Amino acid sequence: MALTSASPARVPGGSPMPFVRLKLRLIANGLRGRPGRVALFVSGVLLSGIFAVAGYAIFAVPGVLGDEQAAATLLPLGGSALVLGWVVLPLVFFGVDESLDPARFALFPLRRRTLITGLFVAALVGLPAVATLVATAGTVNTAGQLGGAAAALAQVAGIVAGLLLCVAVSRAVTSAFATGLRSRRSRDLAVILLAVTAALLGPLQLAVLAGLERADWAAFGTVADIAGWTPLGAPWTVGLDVAAGRPWAVPLKLLIVIAAIAGLLWWWGATLEKAMLGTAGSGRGGAATDTRSPVGRLLFGRLPATRFGALVGREVRYWLRETRRRASLITFTVVGLFLPVSISMSGGSPGPMTLFVGALAAIALANQFGYEGSAYAANMTAGVPGRTEIHSRAAAHALFTVPLLVVVAVVVALVGGRPESIAAQFGGLVAAYGVGLGVVLPISVLAAYSLPETTSPFAVSSGGGVAKGLLTLGAMAGTVVVSAPLLVVGFFLGDVWLWIGLPAGVAYGCAAYLIGSGLAGDTLDRRMPEVLAAVTAGR
Amino acid sequence: MSLRGLVKHFDTKLAVSGVSLDVPAGSFYGLLGPNGAGKTTTLSMAVGLLRPDAGQAFLLGYDVWADPVAAKARLGVLPDGVRLFDRLTGAELLAYHGLLRGMDAATVDQRARELLDVLELGTTNKTMVVDYSAGMRKKIGLACALLHAPRLLVLDEPFEAVDPVSAARIRDILQRYVAGGGTVIFSSHVMEVVERLCSHVAILSDGVLRMHGTLDAVRGDRSLEEVFVQVVGARVGTGSELAWL
């Protein structure tokens with residue numbers, strides 16, 4: 001190549017706009033000519049709109065009522081909950097829109113600062129960010145009502161800083177999480193610790209709130225005051241400070257938030273760099289050998305040497321080896337254990353929570369065909385019947401989930417001080433898990449979608465991410481509704497339930513599973529090529 | 001294998017428009033075409049991975065879309081651009097395919113070891129397929145397609161990214177397979193390979209079958225490459241473009 005004629009590569013001068021344009025272009029191209037995706041996107045827009053309007057209304061209420069004490073409590077606590085939501089929800093439900101996969105920029109001459117700014121600004125472009133901004137604008141209304149234009153102006157600065165904080169914290173935490181999970185085996189312990197810490201934030205918050213419900217109003221206000229001085233609550237209270245005659249607090253609080261954002265962005269940048277380097281040299285040496293027979297290796301020497309055994313063996317391997325699946329198992333373990341425990345410890349009834357935990361377990365299968373993408377073609381050419389496929393996948397998942405449910409039942413019963421209810425708790429969990437599978441399996445066939453082939457376990461394709469997350473939430477809501485009757489019956493039966501809870505729960509769960517899996521299997525028989533096309537990346 | 005008027009649209013683009021093709025039993029059939037000609041789309045429809053908008057595909061007399069189980073049982077496929085179950089090791093993947101095909105464990109073990117050995121993938125190797133190189137992935141994919149001794153092999157780009165030594169070995173395996181009564185259809189854009197191996201050739205471009213028949217009938221007294229370039233209608237370089245290079 002003649003070097004003389006090559007014009008010097010123009011290093012972009014740090015403007016994030018190319019990243020934003022690229023993201024918008026990716027969203028638009030993802031929607032073009034795909035009515036299904038457009039529908040998902042539109043429903044995502046609608047639901048985000050509902051969230052935004054509802055959030056605005058809630059935050060604006062104290063201002064409309066002119067209640068300063070309510071405002072001083074609601075704004076910092078509600079705002080903190082929002083920030084924590086940005087941390088927890090991507091980990092548990094939504095995933096992160098990593099259409100701008102950092103690894104793809106590894107070959108471009110970009111400085112780290114440019115890359116981080118660009119990715120950060122691009123992350124701001126999206127439904128969740130817009131919805132959050134609109135929702136928190138309710139605090140501007142409140143500040144304006146209570147303290148006039150100056151307070152409103154301060155609060156505008158506050159919500160912008162707050163939004164930046166939300167996005168920064170969500171990116172930094174998921175990126176750190178992803179980097180940890182990317183390693184194959186060696187750092188699993190560290191990963192689990194990280195998972196525990198991250199997933200604990202939500203339950204802890206719930207526990208604190210539940211505890212406060214019983215405490216007096218003044219104590220509640222104190223906690224809100226303290227929260228208002230942490231990065232979590234600071235951005236949402238600057239307007240109130242102006243209204244309350246403390247304008248000196250505004251620069252201080254904004255400084256706290258900006259420092260937090262800067263720290264988070266630095267952390268994100270550090271993990272990103274690791275991720276970008278990690279993709280190149282992650283291959284392990286081929287020195288390890290295994291002299292068992294191929295079939296013995298696949299089946300662990302235990303499963304039957306049949307088609308079903310092979311399918312289950314492969315699925316079990318995938319739950320252990322694939323980062324996305326491992327991440328969902330770890331998240332479920334942590335949330336499933338700590339949510340009921342924190343509720344029990346704060347004196348609440350863990351009953352409804354068992355429904356939630358059982359349903360959450362099944363959610364991991366909501367896009368089960370998306371995990372391995374077009375590899376499903378192998379099962380199609382081998383002519384695996386739909387029901388066998390569905391049963392084997394559910395069986396492999398149950399191998400991991402049912403022992404966890406036992407642990408959850410035991411822990412919940414013991415923490416609640418009612419060891420006699422272990423069996424009934426377990427029955428309730430199995431019922432919810434069975435119903436969850438019954439709801440989720442048909443969804444996994446009908447609404448399969450492709451996941452990007454990155455190593456990040458939280459990545460989802462661009463566009464429609466919100467709607468897909470909400471589809472999952474809808475499935476959970478459906479599960480809770482369908483399995484609620486059992487809980488109601490259990491509540492009315494009282495002590496009798498301790499005896500029949502286990503058989504009744506298992507029967508209820510099995511029935512729901514059989515209906516759902518039969519439906520899913522028969523649908524799959526008719527829709528195999530469509531499922532394959534749906535999960536093939538780039539189609 | 002015989003295809004009857006297969007048609008497939010992607011969005012508004014016509015990827016394959018009415019391909020009809022007969023692959024006689026015992027033939028070694030090469031499907032040639034430039035990039036984007038519709039080779040992969042055609043083969044995907046032929047083996048039941050992609051639902052055609054119109055047309056039929058028969059494998060060994062069974063309609064792929066009406067009687068998929070019977071048709072697929074005697075078929076081995078190496079798809080292109082499709083992932084393998086790559087979180088398994090090579091041996092596990094072969095065992096998986098064997099058991100999916102309903103073979104007994106002893107046969108699977110014996111054949112899997114033999115295939116891993118012949119294709120130099122290592123019988124005791126614990127490397128996951130995801131960490132394989134592109135050529136190794138092709139080889140393990142081919143091994144999966146061969147494991148159940150099908151009567152018909154459909155291979156999409158089997159020689160792509162495979163090193164010359166392995167390619168020679170694959171050619172040898174396939175030639176023996178055809179000599180033993182099997183049928184192979186494979187797609188490629190490497191003329192030398194097709195010319196050396198095939199008894200029959202079809203040329204596909206822009207979703208239309210331009211020429212097909214026995215190798216001798218298609219190429220006449222010219223080289224296959226000349227025929228191919230002429231049929232596909234490639235541009236002739238003038239030397240003026242890309243002058244800055």
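At 54% relative accessibility, Ala161(B) counts as exposed. The model is predicted.

**Exercise 1. Place Ala161(B) in chain B and state what sets its phi apart.**

Solution. 
- Step 1: find the segment. Ala161(B) sits in the loop that links strand 7 to helix 6 of chain B.
- Step 2: read the backbone. Its phi is positive, about 65°, although Ala161(B) is not a glycine.
- Step 3: recall the background. Most residues other than glycine have a negative phi.
- Step 4: check the surroundings. The cut-off for exposed is over 50%, so Ala161(B), at 54%, counts as exposed.

**Exercise 2. Is Ala149(B) buried, partly exposed or exposed?**

Solution. 
- Step 1: locate the residue. Ala149(B) is in the loop between helix 5 (134-146) and strand 7 of chain B.
- Step 2: take the phi. The value is positive, about 50°, and the residue is not a glycine.
- Step 3: apply the cut-offs. Buried is under 20%, exposed is over 50%, and partly exposed lies in between. Ala149(B) has a relative accessible area of 44%, so it is partly exposed.

**Exercise 3. Describe how domain 1 and domain 2 of chain B meet.**

Solution. 
- Step 1: Domain 1 covers 1-74 + 151-244, and domain 2 covers 82-149.
- Step 2: take the spacing. The C-alpha centres of the two domains are 25 Å apart.
- Step 3: count the contacts. In chain B, 15 residues of domain 1 touch 13 residues of domain 2.
- Step 4: size the interface. The two domains of chain B bury about 1,200 Å² between them, and carbon and sulfur atoms give 66% of that area.
- Step 5: name the main contributors. On the domain 1 side, Arg169(B), Ile170(B) and Ile173(B) lose the most area, together 32% of what that side buries.

**Exercise 4. Which polar links and elements join the two domains of chain B?**

Solution. 
- Step 1: look for charge pairs. The rule finds one salt bridge across this interface. Glu120(B) pairs with Arg169(B), their closest N and O atoms 3.5 Å apart.
- Step 2: Six residue pairs are in polar contact between the domains.
- Step 3: list the elements. On the domain 1 side, those that give two or more residues are helix 2 (68-73), strand 7 (152-156) and helix 6 (164-179) of chain B.
- Step 4: sort by class. The domain 1 side has eight nonpolar, one polar and six charged residues.

Definitions and conventions:
Residues are numbered from 1 along each chain as its sequence is written. Chains are lettered from A and ligands numbered from 1 in the order in which they are written. This is a predicted model: local features need pLDDT of at least 70, side-chain atom pairs count only at pLDDT 80 or more; totals for chains, interfaces and linings use all residues. Side-chain values use heavy atoms; hydrogens and water are left out. Domain bounds come from an automatic or database domain assignment. Contact means heavy atoms within 4.5 Å. Buried area is the accessible area (1.4 Å probe) that two parts lose on being put together, summed over both. A salt bridge is a side-chain nitrogen of Lys or Arg within 4 Å of a carboxyl oxygen of Asp or Glu. A polar contact is a pair of N or O atoms within 3.5 Å; within protein, one must be able to donate a hydrogen and the other to accept it, and residues adjacent in sequence count only if both atoms are side-chain atoms. Helices (H or I, at least four residues) and strands (E, at least two) are DSSP runs, numbered from the N terminus. Ala, Val, Leu, Ile, Met, Phe, Trp, Tyr, Cys and Pro count as nonpolar, Asp, Glu, Lys and Arg as charged, and the others, Gly among them, as polar. Buried means under 20% relative accessible area, exposed over 50%, partly exposed in between (1.4 Å probe, protein chains only).
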